[in-house]
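Visitor: Can you walk me through this one? I'll jump around a bit.
Guide: Fine, ask as you go.

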Amino acid sequence: MTVLPPKTEPEEDRIRFKSDNQGQASMLVPIFTLKLNHKINPRMVTVGKFDGLHPCLTAATQAGKVFIHNPHGRGQRKAAHRLSQSAQDSDISLLNINQAVSCLAAGTLGPSTAGHSLLVGSQTNLLAYDVHDNSDIFYREVTDGANAIVLGKLGDIPSPLAIIGGNCALQGFDYEGNDQFWTVTGDNVRSLVLCDFTGDGKNELLVGSEDFDIRVFREDELVSEMAENETVTSLCHMHGSRFGYALANGTVGVYDRTARYWRIKSKNHAMSIHAFDLNADGVVELITGWSNGKIDARSDRTGEVIFKDNFSSSVAGVVEGDYRMDGQVQLICASVEGEVRGYLPASKEMKGNLMDTSVEQDLIRELSQRKQNLLLELRNYEENTKATAGAVLSEGDTQMGVIPANTQLQTALSVKAATESQKAHIELNISTPNETIIRAVLIFAEGIFEGESHVVHPSAQNLSGCVRVPIVPPKDIPVDLHIKAFVGGKSSTQFHVFEITRQLPRFSMYNLSTNPTAAQPTGRVTFNINDRPQRVVMWLNQNFLLPEGTDTPDVCFTSLRQGGLLSVSMQSNGEITLKTDDIDLAGDLIQSLASFLAIDDLQAEADFPGYFEEVRATLTEVDDFHSVHQKLTAAMADHSNHIRNMLVQAEDARLMGDMPTMKKRYIELYDLNRDLINEYKIRSNNHNALISCLKSVNQAIQRAGRLRVGKPKNQVITACRDAIKSNNVNALFKVMRAGTASS
């Protein structure tokens, strides 16, 4: 089947997918290689100047330790309770954490320390360590865990913070270990980075989480959100308001504020991303380390590959530092097997040749591709002309690829309720207005289809000018549907390609309710706006799929996912009431309406009896788990003391030759040890259940916050946390309902 050129021009702002096989001349030169006898955990690699002068490669190992590679200070280390010398390498010191390390960072934390501090996070604790003095700076228990960590200044907070992201919560500690910052986010945090996102000269906090969102916080105020289609595993600041990101499905790309510049998708996973100026042009490139061992550098503007290298195993981390102490910053890449390579940009002489060669190669490749496309187009036209000239056209039929000049591609979206044979869905209807047929349809849409694209290829018996495609959006987010359709005659062997983009509204999975007797929701949110009802009507028509539109703000919908009702009503005084039992939906509606109406601050009163009862039960469970945790900890301490005494008695009996007593004591010791292991398993299960409950509590605070906008939202989150700290459950629900703790 031959395809003729597009009938319509594609969208200019379409997301462009780049090929991974466009390698160019290398602009980085490898200058050193290290073989370290330690396996490195992915995404847990950093470089710190712990004495203020010498950069040290630091990474977490799979054995619950952190190694510090310092080839600059041999024989200068001091003994300590945590830090010890590696028996395998004299340049490596080992920091014993005795827990599984979950995140790692190094940077300036205290105003009085000359060197960097090392921050090590686990699922229960955060350790700030002074490597040079071999001493703890602080050691804090973190109930929400630490999945990601970043050091630096945030907003107007005067001192640098160690900010950790954990179980739906963000927490920042100063150099004394004081809790200076706390807020909640939508799901478990997987990545953090600080950058001046808004261009106001102050850092904002970018948070990537498991609910596929990138959120931007100005201190505890949420200022922006970008929705992706997979877990955000890595973030890195590039320059200005531009930043790179990586997803769990192998996607990497670059944003400038909320605008995505480009992205590529690989079958491998991006293990680490880093910004580094490899061609000394003053603009950093995006360096990516992949799970298959590949390292590549891409232009921050186009995503084109300008450098490649390969490791024999998965990349663990990509960092930078003047590791040779010669005044030149190297790009340092480490693999999970402990192989480390340092790279420098090519010299000015080499770089000039490489740049010229690269530009020439780009131009030749681009011109060659254009030539091939034009030749193919010309051949198609020639064959089409010959076939048309020699064919006897039957009435109402078109031979080869000739179609009427007025042929257009038409699309329509409609809501389809569930039937016995099919689930509820959105139907995309693609059609042509004449006798032409649609041979195939390709739809690209993020987060809708598996693999992000969907092909419909009707059989020869079912060819027609209309194709219907069922669509089920998993989340309430607006989605662009990029559609390509092959259109031709019934007996055509060549087809025209039509391209069109259609946006799926955010709340498309809600159908106008036709059952007036259905049970009304018990949950509701009430708030006031200073705007005309016609503006709310415009918002409804833009964000819902209404077949004939609506001219009133009073409407009722049925959810196609859960089947619950949603009603929207507005009084003459500007009071809007949303009724739904889904608190997440209520929050999404309020955030969408506030954005549409440009509302900066919005206070609301809310009541979700069913959900609030679930939260109350969860809080009771948290108290129970805390009580069990304390009892188990005390019991384990008693058992440990008993074991110590029993061991001393057994050894005394052995030295005195009293074998029966020794045997008796060791049998008792074995039984105690078995009980201790069983208690540990119980304690571990209790801890996991506690973490799950704490996540639910943090999500409840986040959901209560999303029912408000601006300052009222921040006040709700702060007041909720204060209520939990003081164990005042009634105050917590009062804040969630009224938006304030005051009466």
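Visitor: Where is I477 found?
Guide: I477 sits in the loop between β35 (466-471) and β36 (479-488). Strands here are DSSP runs of E with at least two residues, helices are runs of H or I with at least four, and both are numbered from the N terminus.

Visitor: Before we go on, what kind of model is it?
Guide: A predicted model: local features need pLDDT of at least 70 and side-chain atom pairs count only at pLDDT 80 or more, while totals for chains, interfaces and linings use all residues. Residues are numbered from 1 along each chain as its sequence is written, and side-chain values use heavy atoms, with hydrogens and water left out.

Visitor: How far apart are I477 and S508?
Guide: They are 31 residues apart in sequence and 8.9 Å apart in space, C-alpha to C-alpha.

Visitor: Zoom out. How many helices and strands in the chain?
Guide: The chain has seven helices and 43 strands. Of its 743 residues, 50% count as buried. Among contacts with a separation of 6 or more, 57% are between residues 24 or more positions apart.

Visitor: Helices, then. How do α4 and α5 cross?
Guide: The axes of α4 and helix α5 (residues 659-706) come within 7 Å and cross at roughly 160°. Axes are lines fitted to C-alpha atoms, for helices over the stretch in contact, and angles run from 0 to 180 degrees between N-to-C directions. The two helices are therefore roughly antiparallel to each other. Angles over 145 degrees count as roughly antiparallel, under 35 as roughly parallel, 65 to 115 as roughly perpendicular and the rest as oblique.

Visitor: Left-handed or right-handed, that crossing of α4 and α5?
Guide: Left-handed. That term applies if the near helix is turned anticlockwise from the far one by less than a right angle; clockwise gives right-handed. The residues of the contact of α4 with α5 divide into 28 nonpolar, 13 polar and nine charged. Ala, Val, Leu, Ile, Met, Phe, Trp, Tyr, Cys and Pro count as nonpolar, Asp, Glu, Lys and Arg as charged, and the others, Gly among them, as polar.

Visitor: What about α4 and α7?
Guide: The axes of α4 (residues 609-655) and α7 (residues 729-738) come within 12 Å, crossing at roughly 150°. That makes α4 roughly antiparallel to α7. The crossing of α4 and α7 is right-handed.

Visitor: Which residues make the contact of α4 and α7?
Guide: From α4, F612, V615, R616 and L619; from α7, V729, N730, L732, F733, M736 and R737. They divide into seven nonpolar, one polar and two charged.

Visitor: N714, buried or exposed?
Guide: N714 is buried, at a relative accessible area of 12%. N714 lies in helix α6 (residues 711-725). Leaving aside neighbours within four places in sequence, N714 is in contact with D220 and E221.

Visitor: Switching to loops. Where is S266?
Guide: In the loop between β23 (259-265) and β24 (270-276). S266 is buried, with a relative accessible area of 9%.

Visitor: What lies 3.0 Å from a polar atom of the S266 side chain?
Guide: The backbone nitrogen of N268. Also, S266 and G250 are 16 residues apart in sequence and 4.9 Å apart in space, C-alpha to C-alpha.

Visitor: What is phi of R257?
Guide: Near 55°, a positive value in a residue other than glycine. Most residues other than glycine have a negative phi. R257 lies in the loop between β22 (251-256) and β23, and counts as partly exposed at 39% relative accessibility.

Visitor: And phi of A598?
Guide: Positive too, near 55°. A598 is in the loop between α3 (583-596) and β43 (604-607). At 62% relative accessibility, A598 counts as exposed.

Terms used
Buried < 20%, exposed > 50% of the residue type's maximum accessible area, 1.4 Å probe, protein only. Polar contact = N/O pair within 3.5 Å; in protein donor to acceptor, adjacent residues only side chain to side chain. Contact = heavy atoms within 4.5 Å.
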